[in-house]
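Hello,

Here is the structure I promised to pass on to you. Please open it beside this email and follow along as you read.

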Amino acid sequence: MDQHASQNDPLIIQFLSHLEIDRGRAVGTVVTYFMQLNRFNEYLSVKKKSILNATPEDIELFTGLYLHELGISPRSRRIAIAALRGFYKWSQRKGLCSSNPASSLHYPKTGRKLPSSISRKHAESLLMQTQLSEFTGIRNAAIISVLMGCGLRVSGVSRLNESDLVYDTDENGKESAYLRVVEKGNNQRAVPLPDESFLFIRAYLGHPELDKIDRSLPNGDRVLFVNIRNPKVKNFDNCGDLRRLSTSGIRRMVYNLGQQAGLPKECCHPHALRHLYGTELVEAGTDTLTVQTLMGHKDANSTKVYIHLSTRRLRKAVDKGNPLGKMKTQVSGLTHLLHR
């Protein structure tokens, strides 16, 4: 009789190690797959089956009806399907199973979810909420300016080290800089730093409070954005990589400042600033390939979603060229009421 897989099935651990080490998948992806595969193992244990003895019917019922009854949306079920497809493809390649029971498993159809963006006015209010008279305020302003001015993901901002700030000089002798960013799937790209972000970062790096913090890494580099305190460690141990401001710390900072500024809740998260960056690039007439490169999108379809958010440029074209504006109607002469 087959032995039931425990919650920490060594096969699952081996597969996840393959994803992280051999495939270079992000830690967040590995953790998510771990949770989904463990959930599937628990589902199979009720049927007294192990993960290598699951049938296509077991997998289809789990990713379909079972997860649906748990209240998991089709979009979220896609993650479970991706984890199972990856696991069984790896198992077959390793010779652990003769066939792939997930080979015919399809992703559920989901509508495209437009990202929540933030207006320029709200973004300005968020940035102006930072207190430049305080060290943390300067740090926060620098972080928000990078999120807004470079379109970085939170993970990319958190992982920045001081060596990732690369100084440059243009043909006119003007000093500038760009960021070497490592984000989703450990992909690296270079993103030009806007002058305003450069000034905020220089003010942050030149603050005397930063000199008092040990942010040195074993390779001689230094963490860029630091936490003031780390509740998980004692103050005297809070140094080096432990000094790195976490992704949750950045999200919490943006949320708190957004609430203080009275912004809508959907605007109080870092990704809204990334969406603003993408939308503004499109509205400025930037070609799709350049936007894709700057934002670190592998798939051009991920970039095209910002075209749906880019409405100001379309509005100007409509105001200038639509036929209703060139004829007499029952509401002619009243459009000024819309500009109060």
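Before we look at the sheet, one term: two strands count as paired if DSSP finds at least two bridges between them. Please also keep in mind that this is a predicted model.

Let's take the pairs in turn. Strand 1 and strand 2 (residues 175-182) run antiparallel and are joined by five bridges. If you click on Val166, look across to strand 2 for its bridge partner, Tyr178. The hairpin made by strand 1 and strand 2 has five residues between the strands, and there Gly173 takes a positive phi near 85 degrees.

On to the other pair: strand 2 and strand 3 are also antiparallel, with five bridges joining them. Here Arg180 stands opposite Ala190 in strand 3.

**A residue to look up**

Most residues other than glycine have a negative phi. Now go to Lys48, which is not a glycine and yet has a positive phi of about 60 degrees. Where does Lys48 lie? You will find Lys48 in the loop between helix 2 (27-46) and helix 3 (56-69). Is Lys48 buried or exposed? Its relative accessibility is 57%, so Lys48 counts as exposed, the cut-off for exposed being over 50%.

**The cysteines**

How many disulfides are there? A disulfide here needs a pair of cysteine sulfur atoms within 2.5 Å, and by this rule the count comes to zero.

Best wishes

Note on methods
Residues are numbered from 1 along each chain as its sequence is written. This is a predicted model: local features need pLDDT of at least 70, side-chain atom pairs count only at pLDDT 80 or more; totals for chains, interfaces and linings use all residues. Side-chain values use heavy atoms; hydrogens and water are left out. Helices (H or I, at least four residues) and strands (E, at least two) are DSSP runs, numbered from the N terminus. Buried means under 20% relative accessible area, exposed over 50%, partly exposed in between (1.4 Å probe, protein chains only).
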